[in-house]
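We will go from stop to stop.

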Amino acid sequence: MTLSSTPEFSGGCQCGAVRFHVRAALGKASICHCRMCQKAYGNFFAPLVSVKAEHLVWSRGEPARYRSSNHVARGFCANCGTPLTYEAPDGMALSIAAFDDPSAIAPVIVFGVEGKLPYVDALAALPVRATADDEAENPFLKSIQSYQHPDHDTDRWPLEGDDR
């Protein structure tokens, strides 16, 4: 038996129809504020990490792609819409939040600052609340059953008896 020191990462979309595996060190992690990334993510910015295409394996399904410009295609799950890839002539990046453990991938640079929304830097100063803090006002929160794919690989999805 041999031990491998090659880093391994996995992740996928919210519904589990698309899963990926990377067996290599990841590249530079970033966030991008450009308007195209904002639209692609439906968010204030896109959190991305570079990966070499030869180290990426789609272990379940494969993303659909939308060509957002003459140079860039963006991969996403055709079932649930989860943003998954940014594919450009200079390489590919994966959505940090699509990884099973996104906390292990911290951005080190910010791109597209010309599109940065003016209030983004103040978000950390906003009051915070845990989801459970709103259960008294929103009783449905106590009975939520997640249909989201778990943050680990599964042999199949949906699981047996799952009618989603």
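This is a predicted model: local features need pLDDT of at least 70, side-chain atom pairs count only at pLDDT 80 or more; totals for chains, interfaces and linings use all residues.

Residues are numbered from 1 along each chain as its sequence is written, and side-chain values use heavy atoms, with hydrogens and water left out.

**Stop 1: the core**

Select Phe20, Val49 and Leu94. These residues have the most contacts inside the largest nonpolar core, which has 18 residues. A nonpolar core is a set of buried Ala, Val, Leu, Ile, Met, Phe, Trp, Tyr and Cys residues joined through side-chain atoms within 4.5 Å. Buried means under 20% relative accessible area, exposed over 50%, and partly exposed in between (1.4 Å probe, protein chains only).

Now colour strands E2 (19-23), E4 (46-51), E5 (56-60) and E9 (91-95): each supplies at least two residues of this core. Strands here are DSSP runs of at least two residues, numbered from the N terminus.

A second, separate core has 7 residues, including Cys32, Cys34, Ala46 and Leu48.

Stay on Val49. Its contacts (heavy atoms within 4.5 Å) include Leu26, Met92, Phe99 and Ile105, with residues up to four places away in sequence not counted.

**Stop 2: Ser30**

Move to strand E3 (residues 29-32) and pick Ser30. Is Ser30 buried or exposed? Ser30 is buried, at 7% relative accessible area. Beyond its neighbours within four places in sequence, Ser30 contacts Ala46, Pro47, Leu48, Ile96, Pro107, Ile109 and Phe111.

**Stop 3: the cysteines**

How many disulfides does a search of the whole structure find? The search finds 0. A disulfide is a pair of cysteine sulfur atoms within 2.5 Å. Show Cys13 and Cys77. The closest cysteine sulfur to that of Cys13 is in Cys77, 3.7 Å away, so it is too far for a bond. Cys13 is buried, at 5% relative accessibility.

**Stop 4: Arg23**

Go back to strand E2 and select Arg23. Arg23 is partly exposed, at 43% relative accessibility.

**Stop 5: Leu123**

Finish in the segment after strand E10 (109-111), where Leu123 lies. Leu123 is partly exposed, with a relative accessible area of 32%.

Technical notes
Helices (H or I, at least four residues) and strands (E, at least two) are DSSP runs, numbered from the N terminus.
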